Amino acid sequence: MDAVVRGLAIYFVLLLIIRLSGRRTLAQMTPFDLVIVLVISETTQQAMLGEDFSITNAILLILTLFTTDILLSYIKRWWPRAAHVVDGVPTVLVNDGVYNEAALRGCRLDRTDILEAARSQEGIESVKDIKFAILEVSGNISIIKKK
């Protein structure tokens, strides 16, 4: 039972830390981000397993994490407010050709990220041609160009 409690605790702590750190896409992952992910995974594994490195304990932890994730998906479906808390909401990064600097800082993005998405999606070269740039919950940037 100790492994289940450890697994649940680590799951929710990691979920909280990831939500607080801001959204970024995997395409924007730097080598430093990769190193952090690897270190976190190793630290998490040690924290969850404790002194018990048995296969039984590992299977129990895997089942606990997957079950928790599945239950959380059902909770998000039944209670939409939970989805906003767990997954976040879309963030407007550009509104009518003007950058929202506070939103960019909060999402750890910069102007070049917006322009790169604008060029690749819509062939837009200037922020003045963007009606909205929205950071979606998935981490993708959606570009809506002005008419």
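Colleague: At 14% relative accessibility, does Y11 count as buried or exposed?

Modeller: The model is predicted, so local features need pLDDT of at least 70 and side-chain atom pairs pLDDT 80 or more, while totals for chains, interfaces and linings use all residues. Residues are numbered from 1 along each chain as its sequence is written, and side-chain values use heavy atoms, without hydrogens and water. Buried means under 20% relative accessible area, exposed over 50% and partly exposed in between (1.4 Å probe, protein chains only). With 14%, Y11 therefore counts as buried.

Colleague: Which geometry do the rings of Y11 and F12 have?

Modeller: The structure holds 2 aromatic pairs. Rings of Phe, Tyr and Trp (its six-membered ring) pair if their centres lie within 6.5 Å; planes under 30 degrees apart are stacked, over 60 edge-to-face, the rest tilted. The Y11 and F12 centres are 5.2 Å apart and the planes stand at 85 degrees, so this pair is edge-to-face.

Colleague: What is the angle between the planes of Y74 and W78?

Modeller: Y74 and W78 are 4 residues apart in helix α3 (residues 55-78; a DSSP run of H or I, at least four residues), and thus about one helical turn separates them. Y74 is partly exposed at 36%, whereas W78 is exposed at 65%. Their pair is stacked, with 5.6 Å centre to centre and an angle of 25 degrees.

Colleague: Where is I75 placed?

Modeller: At 37% relative accessible area, I75 is partly exposed. The place of I75 is in helix α3.

Terms used: Helices (H or I, at least four residues) and strands (E, at least two) are DSSP runs, numbered from the N terminus.
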